[in-house]
Amino acid sequence: MEGLLVILLVIASFSSISTQIVGNGKENNVKCRATDREALLDFKNGLNDPENRLLSWRGLDCCLWRGIGCNNATGSVTKVDLHNPYTDFTASVRYGFWNLSGEIRPSLLNLKSLQHLDLSFNTFDGVGIPEFLGSLKNLQYLNLSKAGFSGIIPPNLGNLSNLQYLDVSSGFSSLTVDGFQWITGLASLKHLEMNFVDLSLVNSNWLDMLNMLPSLTELHLASCGLSGSIFSLGSVNYTSLAVIDLSINSFNSMFPDWLVNISSLVYVDLSSCMLRGRIPLGFGDLPNLKHLNLALNGNLSASGLSFFKGNWKTIEVLDLASNQVRGKLPASIGNMTTLTDFDLFDNSVEGGIPSTIGRLCKLVNFDMSGNKLTGSLPEMLVGTEECFSNSPFPNLIYLKLTSNNLTGRLPAWLGELKNLEELSLVSNLFEGPIPESLGALQNLTDLNLAGNKLNGTLPESIGQLSNLSVLDVSLNSLTGILSEVHFSKLSKLKILLLSSNSFVLNVSSDWIPLFQIRNLDMGSCRLGPLFPAWLKSQHELRFLDISNSSISGSIPNWFWDFSVNLSLLNVSFNQLGGQLPNSFQLTPYADVDLSSNFFEGSIPLPRVPIELLDLSNNRFQGPIPQNISTVMPDLVFLSLSGNRLTGKVPEDIGKMVSLSVIDLSRNNLTGNIPSSVGNCSYLKVLDLGKNGLFGAIPNSLGLLIQLQSLHLNDNMISGKLPSSLKNLSSLETLDLGNNQLEGSLPPWISEGFTSLRILKLRLNAFSGEIPSELSNLTSLRVLDLAENNFTGPISPTLGDLQAMALEQVINKYLLYGKYRGLYYEENLVVNLKNQPQLFNKTLSLLTSIDLSGNSFYGEIPAELTKLHGLVVLNLSRNQISGQIPESISSLRQLISLDLSSNKLSGPIPSSIASLSFLSHLNLSDNNLSGKIPESGQMSTFDAYAFEGNPDLCGAPLVVKCRGEDSNNGNNTHNGDDVYDSNDKIINRWFYLSIGLGFAAGILIPYIVLVIRKPWRDGYFDFVDKVADKFLSVRSRKLPARN
């Protein structure tokens, strides 16, 4: 690298010298003035020149010095150009490469003929722009951009009435302007560039001041902190304006429609300006417009059909990304034949892509990612014969259609885009195979086809893409065997993402790939049964995901030497076993997921701090290391659930203050909950369920104001609910079931929990009445207070639980503590159909009330039937009396209804039969009476659902209603033996018709045979023949007797 820089310096030196000799016309004998030479030498003495850029500044003729230009006739110095040519480097890297710094001396004022001064891209270490520059009356060109100046730009620069070019852009320091009036003095100004200069203090009429510069052709004010409206402008004097760049400011204004009145515009950049309103259609009619960038405003709107129908005769760059462009693309888009860059990323364009885009022969970048495109890609492109190569898009380098709803197969013309470097079709609905022809795109570096419905195999031709660095076909339905041929020429491959397919990797045991991969995700591909040995050759690997890959056995020892460079290690959901090293090496702040395997032994710890550790669902045993907080002080995600851990939760776990998730559930931990947990102020999930913890709930848990999910269920926790829990305003799940908690349900439980979805307190010793304020839990969808000692009537206010009144039809995964692709998935065990059932992925669809196993009395409030979203209702094993509300049929989503073991009386409402989703019903052990309704869902339940009600009758019970017998199905009403008169008439006519039909069937043939003798003789002859044939056949089949 250093050698290359030396060569560049030498080339630049000769180039600069030759330019100066030719440019200054030294073929004549005119030499520079002595006063100019002395002024330049004094100027040089104030500069720091570590690279001796000014080594040529010696001798009598200063016109021969580097960076100096003179008038050919008078020898007066007219030009001082000391800009740093290494503009591609940042300030820190640039320092030392021809970089000037120091003091700018006022001796420059002695250069009376100076017209051109360029000190750009140097490092003047935060000094201010000298005020004396405003006295260089003949100056026409002044460029001080990105030269390290700071402070206020001197207003006396406005005295430079001959100045045509001014660039004071601030790239690496802080320049400000506290007033803009001085700019009006630059009457000759054509080019104004002040990018990254702080203009936040200028008056709101800055635009009017600039409008007073009639010769202005270029205006660059990007990222200047400008604000306020730019919507209106009195009279537009920008008659020569060709370039306007006001990007990255915070105008928060309606769009300035006056721009479309400036016919001279060539370049417009108003990106990231917080503009809103409709984009004027007039842009399409500007005769010289080549570049239009309105991206990243967010609220600019346009109709695709109208906006793109303009003339757009000269347009080359059209960037409307991240706005509100809607509607369809018109076929006339193919008329923009000069277009090179078309970017509509993150808009709302609908419909398909017109086949006329084939006429866009100059197109280099086509990005319509993040829209609402539908339909398939054009099978044939119109107008490709107009392109010079007679092939589609001969200049196209980037084709991005990610995150749309495009369908169909990938068209064959994709394989003809010879210059294509990036093809991104991620997150669409494409189906069918990956075209073999994609293997012909030899310039392709990025192939992204993830998240579609592609099937078939990965073409072997992909292995011929020698420039490919990114291959992502994850999240499809691809199958088949991947062999070494698929990777034969992929020497530049750095990112390989094949996960969530059904590939089988079949390579030799000694295979060494040509590539050195950096990101490898082969989750859900079959790599096993042995740990892949070829990984040993991948020395640049940083991210490794081989989860769910059918790998068994143990992790080889060489891997732990190799893991030192890993930032991600995910081998979850395999059959790996054995013991892991007590400590292992990764890069600092790495993520480790070894969950759902058969690892055993003690908990291993990394040698460096990491941020994510998931060892859940293994066979680890022993205590949690007491030094866990010392080894991993910056841990964000910790899951050790589903192991065989014993001992106490470490007391100093609260020192891991960055923790977002703590999941230690399903172990054999004992002891108290450490109060230090309250120090984990970023905690979203605390799951200590299904252990042997005891003692009281620490008051310090009330400090966890970001907590969303709290599981302390299935322990031996005792005492009362601490009032500090009311501070958990973000809580969505509170599961304290199956403990030894006692006391009444405090009224404060309904005060701050505006987001609470799940409240589970079953199997404790709570007592008293349910507070009526519980109805204030507007987000509650699961209420489980079963198996406690609650008493009193069921509050009618439960019918006001707003979330339960809504029918939930959209499933939403409840995922908390998301961090780098890992998360805690909410789960809950609910008693459904008298069986405990685990809900996780469909938990958001569950709406349940379970008050069973308490001592509630009184009637079932009819208000409960307003909860139209209720899926489970269990009021069994209480002392509830009265009748079942007739309005029970309003609970249309009900799947399980259990009212058993109460004191309910009266009939079963016939409307209950209309609950079409009801699959579990238990009304047993009550005092219900009358006939069981027979229609609808009621016909699907067996006798168990109705037993223990002495006065119930009818199917499926064996008890018949009064007046019923086995030969009829007469209806009863409310247990009374009363026949409906209409039914009686119908039944009598039914039996009468049967009798008449039987008599007619016997008598009519008999009468006919008696009257017609020939028919009678023929009939009996036929009967005799049949009988004879039957007897003869039977005699042949009988065995001979001994």
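**Cavities and ring pairs**

Mentor: Start with the second largest cavity: Asn 831, Leu 832, Lys 833, Asn 834, Val 872, Leu 873, Asn 874, Ser 896, Asp 898 and His 920 line it. Keep in mind that this is a predicted model.

Trainee: Which elements give two or more residues to that lining?
Mentor: Strand E59 (828–832), strand E63 (872–874) and strand E65 (896–898) do. E63 gives the most, with three residues.

Trainee: What classes are the residues in the lining of the second largest cavity?
Mentor: Three are nonpolar, five are polar and two are charged.

Trainee: How much space lies in the second largest cavity?
Mentor: About 40 Å³.

Trainee: And how many cavities of 30 Å³ or more are there?
Mentor: The count is two. The largest cavity holds about 60 Å³ of space.

Trainee: Which residues line the largest cavity?
Mentor: Ile 353, Ile 357, Phe 366, Leu 377, Pro 378, Phe 393, Leu 396, Leu 399, Leu 401 and Trp 413. By class, that lining has 10 nonpolar residues, no polar ones and no charged ones.

Trainee: Let's switch to rings. How many aromatic pairs are there?
Mentor: The count comes to 26 aromatic pairs. One of them joins Phe 255 and Phe 283. Their centres are 5.8 Å apart, with 80° between the planes, and the pair is edge-to-face.

Trainee: Why does that pair tie together separate parts?
Mentor: Phe 255 lies in the loop between strand E12 (243–245) and strand E13 (267–269), while Phe 283 lies in the loop between strand E14 (276–278) and strand E15 (291–293), so the parts it ties together are 28 residues apart in sequence.

Trainee: Are those two buried or exposed?
Mentor: Phe 255 is buried, at a relative accessible area of 1%. Phe 283 is buried too, at 0%.

Trainee: Is Phe 531 buried or exposed?
Mentor: Phe 531 counts as buried, because its relative accessibility is 10% and the cut-off for buried is under 20%.

Trainee: Which residues are in the cluster with Phe 531?
Mentor: Ring pairs link Phe 531 with Trp 558, Phe 559, Trp 560, Phe 562 and Phe 584.

Trainee: Last one. Which charged end sits over the ring of Tyr 813?
Mentor: That of Lys 841, 5.6 Å from the ring centre.

Methods:
Residues are numbered from 1 along each chain as its sequence is written. This is a predicted model: local features need pLDDT of at least 70, side-chain atom pairs count only at pLDDT 80 or more; totals for chains, interfaces and linings use all residues. Side-chain values use heavy atoms; hydrogens and water are left out. Rings of Phe, Tyr and Trp (its six-membered ring) pair if their centres lie within 6.5 Å; planes under 30 degrees apart count as stacked, over 60 as edge-to-face and the rest as tilted. Helices (H or I, at least four residues) and strands (E, at least two) are DSSP runs, numbered from the N terminus. Buried means under 20% relative accessible area, exposed over 50%, partly exposed in between (1.4 Å probe, protein chains only). A charge sits over a ring if NZ of Lys or CZ of Arg is within 6 Å of the ring centre and within 35 degrees of the ring normal. On a 1 Å grid over the protein atoms alone, a cavity is a set of points where a 1.4 Å probe fits but cannot get out, and a pocket is an open set with protein on both sides within 12 Å along at least five of seven lines; lining residues have an atom within 4 Å of a point. Grid points are joined across faces, edges and corners, and a volume is the space filled by probe spheres set on the points. Ala, Val, Leu, Ile, Met, Phe, Trp, Tyr, Cys and Pro count as nonpolar, Asp, Glu, Lys and Arg as charged, and the others, Gly among them, as polar.
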